[in-house]
Amino acid sequence: MIIEPANRLSHIQEYYFATKLRELRNRMSKGEDIINLGIGSPDMMPSDETIKTLIHTSVEPAHHGYQPYKGIPRLRMGFAQWYQNTYGVELNPETEILPLMGSKEGIMHISLAFLNPGDHVLVPDPGYPTYVSNTRMAGAEPVFYPLSEETNWAPDLDALEKLDLSRVKLMWVNYPHMPTGANGSPDLFEKLVDFGRRNQILICHDNPYSLVLNDHPVSILEVQGARDCVVELNSLSKSHNMAGWRVGMVAGRQDYIDTILRVKSNMDSGMFLPLQEAAATALENGYEWHRERNSEYQVRRRIVEKMLDALNCTFNKDQVGMFVWARIPESEESGEAFSDLLLDKCSVFLTPGFVFGGQGHRYIRASLCTPKERLQEALTRILEFQLEVVK
């Protein structure tokens, strides 16, 4: 007997990195020394105070029970203060903030909370693949809007205005943009808010990279009137070296937050209290802690740029975040073929851009989440490979 999977999975494949990482692990188990520059999983530690809080609170007998679906007051207050200090945005911790088990979870919650079968969702290309898969799992239909290097990966809102938007319910945006590293700006966010308000579209801004190699972090909630049509996701994964902790949040006006909470409260039973206490401590990290993290990423970035130069790739040095997005040489067939070539010849894995959509076909992406010694080794291998090609 075979039980057929749900129809909603018919257009959904296993996450690319899940399958690729299995391949890499298999090759490494056979002795191959692969340098994986594909995943944005921070390898540096959270702050010492964060770890101490986790340890201290974990030994309290009363801290192991169910917790409120909305998170503890200290964590919500911590997010509110963080937004005030970082973005100049005032949020009500009681009504406008909902802690999440990572912002990826929030993408699904938002999709289930607002989408009906047949609704349309504007999705960036290139963009985070989870926007597409969660849209489809909610029974809605993704409508891809192309981003290009010529416009610094900003949406062409004039072109979108010419489409039939009558069935569009949500629009996913993400600045600093993943995978391209293009930064957001007050001007772009003002235009997005105006677009959302006039067309009755909920603008869902995914904002986890704003503190990484970025001197000017911004939030779309800074825009006047944004709360009418905006929710914003944020996360401690990248900004505080806590990817595996699964701590994020969504911010917006009360009725939007309450709607998302109706989904969340039926999907989990609250976050482990010591995690919440430690996350609240992490949100108190001072400027110096963030500066030291970014200084290390800057050193790594310079090595990665040398590596991409050696490969005759081109890239924008003004991009921010923990990746470097680069266009492959015109002589190469595709980003996927180029990535496979480097993996086979150099045992160095770079993410092919097609993973993020058709607009990424001619690109590759390198993560900075690898110690500089290993990055230097990757550079050495690539230089040696290039010498062999010349010979």
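Which residues in α2 meet which residues in α9? I took this up first, working from a predicted model.

**Helix pair**

I found that E49, T50, T53, L54, T57 and S58 of α2 meet P274, L275, E277, A278, T281 and A282 of α9. I sorted the residues of this contact into five nonpolar, five polar and two charged. I then looked up the axes: α2 (residues 48–58) and α9 (residues 273–282) come within 8 Å and cross at roughly 155°. Angles over 145 degrees count as roughly antiparallel, so I noted α2 as roughly antiparallel to α9. I recorded the crossing of the two helices as right-handed.

**Salt bridges**

I counted 24 salt bridges. I looked up three of these pairs.

D33 pairs with R374, with the closest N and O atoms 2.8 Å apart. I placed D33 in the loop between α1 and β1 and R374 in helix α12, 341 residues apart. I noted D33 as partly exposed at 40% relative accessibility, and R374 as partly exposed at 27%.

E96 forms a salt bridge with R227, and their closest N and O atoms are 3.1 Å apart. E96 sits in the loop between α3 and β2 and R227 in the loop between β6 and β7, so the pair ties together parts 131 residues apart in sequence. Buried means under 20% relative accessible area, so E96 is buried at 13%, while R227 at 24% is partly exposed.

D228 bridges to R197, again with a closest N and O distance of 3.1 Å. I traced D228 to the loop between β6 and β7 and R197 to helix α7, 31 residues apart in sequence. D228 is partly exposed at 37%, and R197 is partly exposed at 45%.

Last, I noted that salt bridges with shared partners join E23, R27, E32 and D344 into one network.

Terms used
Residues numbered from 1 in each chain as written. Predicted model: local features only at pLDDT ≥ 70, side-chain atom pairs only at ≥ 80, totals over all residues. Heavy atoms only, no water. Axes fitted to C-alpha atoms, helices over the stretch in contact; angles between N-to-C directions. Helix = DSSP H or I, 4+ residues; strand = E, 2+ residues; numbered from the N terminus. Parallel < 35°, antiparallel > 145°, perpendicular 65-115°, else oblique. Left-handed = near helix turned anticlockwise from the far one by under 90°. Contact = heavy atoms within 4.5 Å. Nonpolar A, V, L, I, M, F, W, Y, C, P; charged D, E, K, R; others polar. Salt bridge = Lys/Arg side-chain N within 4 Å of Asp/Glu carboxyl O. Buried < 20%, exposed > 50% of the residue type's maximum accessible area, 1.4 Å probe, protein only.
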